[in-house]
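These are my notebook entries on a single protein model. I record here what I looked up, entry by entry.

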Amino acid sequence: MRTTLASDAVIDQAYQWLCQQRRHWHANADVWELRSRWQHIKPTIQAELLNGTFRFAPMARVTKADGEVIHIWSARDALVLKALTIVLAPHLPIAKSCTHVKGNGGAKAAIRAVRDELPNYAFVMRTDVKGYYEHIDHHQMLAMLAEHIADRSVLNLLCQAMHRTVTWGGLYRDIESGISRGCPLSPLLGAFFLHKLDAAMDKPGLFYVRFMDDILVLAPTRWKLKHAVKTVNQQLDNLNLAKHPDKTFIGRIEKGFDFLGYRFSREGLSVAPATLKRFIEKTARLYEQEQRNPQGVPVLGAYVRRWVGWVCGGLGETQKNPLSERGLYILLLNVSFCLSATEPAQPG
């Protein structure tokens with residue numbers, strides 16, 4: 001497997017991905033040095049992967065303008081992580097019901113499937129895993145990976161990627177559990193870690209779909225839903241995980257439920273109230289930023305267009321706009337009111 005990992009085809013594909021992902025990064029970012037010296041760096045990376053001496057550098061801890069703290073892999077390490085993702089994807093068991101993995105349809109496929117299956121069922125369980133990325137156990141993950149990967153050098157790289165180090169201000173911290181966000185390998189590992197749950201939920205008479213840690217089950221009877229909930233709880237307990245208490249709904253479909261940013265009910269599909277609230281809040285924030293800096297790059301219009309495209313896109317040509325005329329009117333009123341509230345008072 002390490003030979004495939006270090007091959008020109010895989011490394012070049014990972015390099016093209018890296019160039020695309022970090023094309024807008026700051027001029028001082030290390031991706032530009034890697035690109036300028038790629039012909040010299042590439043054979044070094046390949047040699048280290050082949051002889052098992054590649055080591056990941058500590059991640060950088062960065063605080064964004066809005067106060068969010070993120071951890072960033074170096075350009076060299078991100079490239080190797082992408083190469084690992086390319087090589088491991090065909091070897092790890094990923095269920096078709098896990099839709100966030102490439103080739104399984106994505107969020108829109110999950111939404112369409114739920115919409116189409118809803119009339120056939122009466123009960124629903126919608127939940128997600130509490131702190132999923134942060135609570136993945138490294139030892140359990142490595143034991144599961146070892147069942148499908150025989151190459152010890154590849155397992156060593158996976159162990160390094162999980163048991164990583166973060167540095168900031170001259171301080172270093174070892175991460176003892178969980179997998180990193182913003183890592184090309186994490187969606188694949190996140191899908192794989194719950195594959196036993198996916199297999200256990202593949203039962204006649206149930207509809208089951210998962211998008212990362214967002215889980216949804218439809219059942220025709222209360223008895224079948226009760227057994228489905230028990231199965232989910234058992235599988236999560238085996239992995240030392242738990243359902244998020246504030247994001248779990250178990251009951252009749254008639255009451256309506258939220259899933260992946262949308263509201264599902266017998267009346268049809270619409271935008272979830274929480275999604276709409278976040279949209280209005282961000283719209284107001286972007287509007288304020290543009291008012292304070294009129295010479296800056298306008299981003300409000302682009303954000304609104306992307307958001308509306310996200311809401312309306314991928315639902316099928318025969319599906320009506322998920323924002324009804326009344327819903328769209330209310331949305332525009334809310335946005336207009338929110339923006340008008342940020343207008344500076346006019347004199348006299």
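**Entry 1. Confidence.** I looked up the pLDDT before going further. The mean for the protein is 85, and 89% of the residues reach 70 or more. Residues 316-326 have a pLDDT below 50, and this stretch has 15 contacts in the model beyond near neighbours in sequence. Residues 344-348 also stay under 50. For residues 344-348 the model has zero contacts beyond four places in sequence. Where pLDDT is low, the predicted coordinates should not be read in detail. I therefore take no detail from such coordinates.

**Entry 2. The whole chain.** I counted 15 helices and 11 strands in the secondary structure. Of the 348 residues, 43% count as buried. The accessible surface comes to about 18,900 Å², and carbon and sulfur atoms hold 53% of that surface. Among contacts with a separation of 6 or more, 69% are between residues 24 or more positions apart.

**Entry 3. Strand S3.** How many of the six residues of S3 are buried? I found that six of the six are, so S3 is largely enclosed by the rest of the structure. I then sorted the side chains by direction. Phe123, Met125 and Thr127 point one way from S3, while Val124, Arg126 and Asp128 point the other way. The residues of both groups are buried.

I next looked up the partners of S3. Strands of a sheet pair through backbone hydrogen bonds, either parallel or antiparallel. S3 pairs with S7 in the antiparallel sense, over six bridges. In this pairing Val124 stands opposite Leu218 in S7. S3 is also joined to strand S8 (residues 249-252) by four bridges, and these two strands run antiparallel. Here Arg126 stands opposite Phe249 in S8.

**Entry 4. The salt bridge of Arg126.** Which residue forms a salt bridge with Arg126? I found Asp214, with the closest N and O atoms 2.9 Å apart. Asp214 lies in strand S7 (residues 214-219) and Arg126 in strand S3 (residues 123-128), so that the pair links distant parts of the chain, 88 residues apart. Arg126 counts as buried at 12% relative accessibility.

**Entry 5. Asp8 and Lys42.** The count of salt bridges comes to 10. One of interest joins the side chains of Asp8 and Lys42, at 3.4 Å from N to O. Why does this pair tie together parts of the chain that are 34 residues apart in sequence? Asp8 lies in helix H2 (residues 8-21), whereas Lys42 lies in helix H4 (residues 38-51). I checked the accessibility of both partners. Asp8 is partly exposed, with a relative accessible area of 44%, whereas Lys42 counts as buried at 13%. I also noted a network of salt bridges that links Asp8, Asp12 and Lys42.

**Entry 6. Glu134 and Arg181.** I looked up one further salt bridge, between Glu134 and Arg181, in which the closest N and O atoms are 3.2 Å apart. Glu134 lies in helix H7 (residues 132-135), and Arg181 lies in the loop between S5 and helix H10 (186-193), so the pair ties together parts that are 47 residues apart in sequence. Is Arg181 buried or exposed? At 52% relative accessibility, Arg181 counts as exposed. Glu134 counts as partly exposed at 38%.

**Entry 7. A four-stranded sheet.** In what order do the strands of the open sheet of four strands lie? I read the order S2-S1-S4-S5, with mixed pairing. Strand S2 (69-72) and strand S5 (171-174) are the edge strands, each of which pairs on one side only. From one strand to the next the twist averages 30°. Within this sheet I examined strand S1 (residues 59-63) and strand S4 (residues 165-168), which run parallel and are joined by two bridges. Ala60 stands opposite Thr167 in S4.

Definitions and conventions. Residues numbered from 1 in each chain as written. Predicted model: local features only at pLDDT ≥ 70, side-chain atom pairs only at ≥ 80, totals over all residues. Heavy atoms only, no water. pLDDT = per-residue confidence, 0-100. Contact = heavy atoms within 4.5 Å. Pairing = 2+ DSSP bridges. Axes fitted to C-alpha atoms, helices over the stretch in contact; angles between N-to-C directions. Salt bridge = Lys/Arg side-chain N within 4 Å of Asp/Glu carboxyl O. Buried < 20%, exposed > 50% of the residue type's maximum accessible area, 1.4 Å probe, protein only. Areas by Shrake-Rupley, 256 points an atom, 1.4 Å probe, with all protein chains shown as cover.
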